[in-house]
Amino acid sequence: MRAEPITAEQVKAAIEAAVPGCRVQVLANASPSGQHSLILDHEHAAEAARFLRDDPTLRLDYCSNATGVDWLDSELSEKVKVKKLVDGAETEVEEVRKTKVPGYLEAVYHLYSVEKKHGPVIVRMRTGDRKEDVHLPSLTGVWRSAEFQEREIFDLYGVIFDGHPDLRRLLMWDEFKDYPMRKDYVPPADDDDLVGAERSGG
Amino acid sequence: MRAGLGGVMDEELKNLKAELSKHGVFTTTFEELYNWGRKNSVWPLTFGLACCAIEMIATTMARYDLARFGAEVFRASPRQADLIIVSGTVTKKMAPQVVRLYNQMPEPKYVIAMGACAISGGPFRDGYNVLKGIDRYIPVDVHIPGCPPRPEALIDAFMTLQKKIDAQQLTGEDRPRHLKEDLPSEFPVPEYGEHDLEPPNNAEVWNPLKVIQK
Amino acid sequence: MLGIGIIQGLVETARNFFGSYTSKQRLTTVQFPDERLIQPEAARVFPFLVYDTDDWEKGLRCVACKICEVECPPQCISITKSADKKPDYSGIYSGKPQFYPEKFDIDVSVCMSCQICVEVCPFEAIKMDNAFELSTDDRFGGLMWDKQRLAMPNSHYQAIHPTDAAESDAALAEKKAKAEAKPAAAAAAAPAKPAPEKAGAATER
């Protein structure tokens, strides 16, 4: 019999109690599925994952899927009321303030418990940025099924998993240089593509 | 595609044969015999890539029997096969292997591109790993459109191939590739480049229609 | 007994083998091309453009609205809309001249037979054919179909998909009746004002 479904806050509290120093953030999901995810920090991710797998109440022993997400550098613009000197008089002016939000890559893991028949608990890890700081700890040591999934994330997004036993490209060939699933990937030009030429009008 | 044997000589030959066969004398030409033998025992290579492979397997099974046409055994080794039925999406990672298999087949060899993906990349043509049609690297004899084509469509393509083989002439300018010494029977295998296969197509084989936009 | 499984399997094979000489049910091979399976009514392969009357160009139903071009998932349809309007030869648009496709190409080597173009067409102008013996050795000449190759009469549609054709004809007749009823009603309601002109234009959308 299924008991009350486990909430993200409960899991967050459990992880923070079991793994001291671990910072867990809950990322709420506003869609009807309501699948909230937990953002783990890099240093304690492996330990937190081991806790999730071994804890008697959670027993999340099955990592069904691991996928990558690419967030581009974006600009957040918000309208702010500012007091400014206009024509000698102090008035409130609405100003558009733009803040640059740096982009990052994410690895998202979907965890289920075959033993306890509950799930999914969704765990995320974010990289520092999209260019240099793209290292994440590998969770293959905890869930073996993450091995090929992490290789796919490496192949298509460029995230380097530290501690992965065999990190090389999976779908593309080894000499390939780009990361195809990134949002700024440009496919190679195909000027003899017949239908494509017609489609784009020339 | 040549419609068939042409020329006055062939007409006279046909009339002669018809006359003789009325008297119970069966005659043939070397060419006919050669082509008849070749077209009725085309042995394909076991080569299925994706969903079209399932239709190809269905064609070999009891309901639509491809063995009736001579494709009795699907050979596992390219050295023993005459025909490669490229059935399914050809990924760029797999493309050099397809060309290598084709090179290893002895002449005369034929290629059937089965399904939308093998002809042109099909519904997945925008994919990062999809080759937009195997005719970029090897010459294709018959194309079968469909996604996937019915087993009967594959049989129909087989018959088209048989007609093509039947129309081959052993001597003269129109003789097939395997009887011309100067034409290649092996094609260069593409290499894995940094962003795409190198070369992206084989210019001697790939002749796309140039669309003149108004 | 050791080997009972193999013997049972061989008995089944023997039953099929010898039975195929006597019973048609056991001989499942359909000797294509001499015998053909009867295709179910909903069988579909590639699209075709419907035309009414005998003239394929003048009676073509398509008005080049380009919805099918936009909705096609692998983008294999390519349409050029005409600059002028052609007269309503077949009468299904109540005499109102319509745009027509100057160029309507379908790259059949890309088409995946999803039928989305048929589902989104508001004019019952494109339907699915069931002819599949289309193998060719010429990819560009034989598999890039233009307007003329695609045009088939409505009688062909009625022959291959009778139920769907009946529904389609009924829908078109209903649409035409509605289009012609509105201006007639408006003319009856306000005979003094030149209302039929405006009302007719509004309903022909």
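Modeller: Happy to! In this predicted model, the largest pocket is lined by 35 residues, and those nearest its centre are B:P139, B:V140, B:D141, B:K164 and C:D137. Two elements each give two or more residues to that lining: helix 6 (151–166) of chain B and helix 4 (139–142) of chain C. Helix 6 of chain B provides the largest share, with three residues. The space in this pocket comes to about 1000 Å³. By class, its lining divides into 17 nonpolar, 14 charged and four polar residues.

Searching the whole structure gives five cavities of 30 Å³ or more. The largest cavity has a volume of about 90 Å³, and 14 residues line it, with C:C62, C:C65, C:C68, C:C121 and C:A125 nearest its centre. Of the residues lining the largest cavity, 12 are nonpolar and two are charged, with no polar ones.

The second largest cavity, at about 80 Å³, is also lined by 14 residues. Nearest the centre of this second cavity are C:C72, C:C76, C:C111, C:C114 and C:C117. Its lining has 12 nonpolar and two polar residues, and no charged ones.

To come back to your pocket, the lining there includes 14 charged residues, and B:D141, B:K164 and C:D137 are among the residues nearest the centre.

How values were computed
Residues numbered from 1 in each chain as written. Chains lettered and ligands numbered in written order. Predicted model: local features only at pLDDT ≥ 70, side-chain atom pairs only at ≥ 80, totals over all residues. Heavy atoms only, no water. 1 Å grid on protein atoms, 1.4 Å probe; cavity = no way out; pocket = protein on both sides within 12 Å on 5 of 7 lines; lining within 4 Å. Points joined across faces, edges and corners; volume = space filled by probe spheres on them. Nonpolar A, V, L, I, M, F, W, Y, C, P; charged D, E, K, R; others polar. Helix = DSSP H or I, 4+ residues; strand = E, 2+ residues; numbered from the N terminus.
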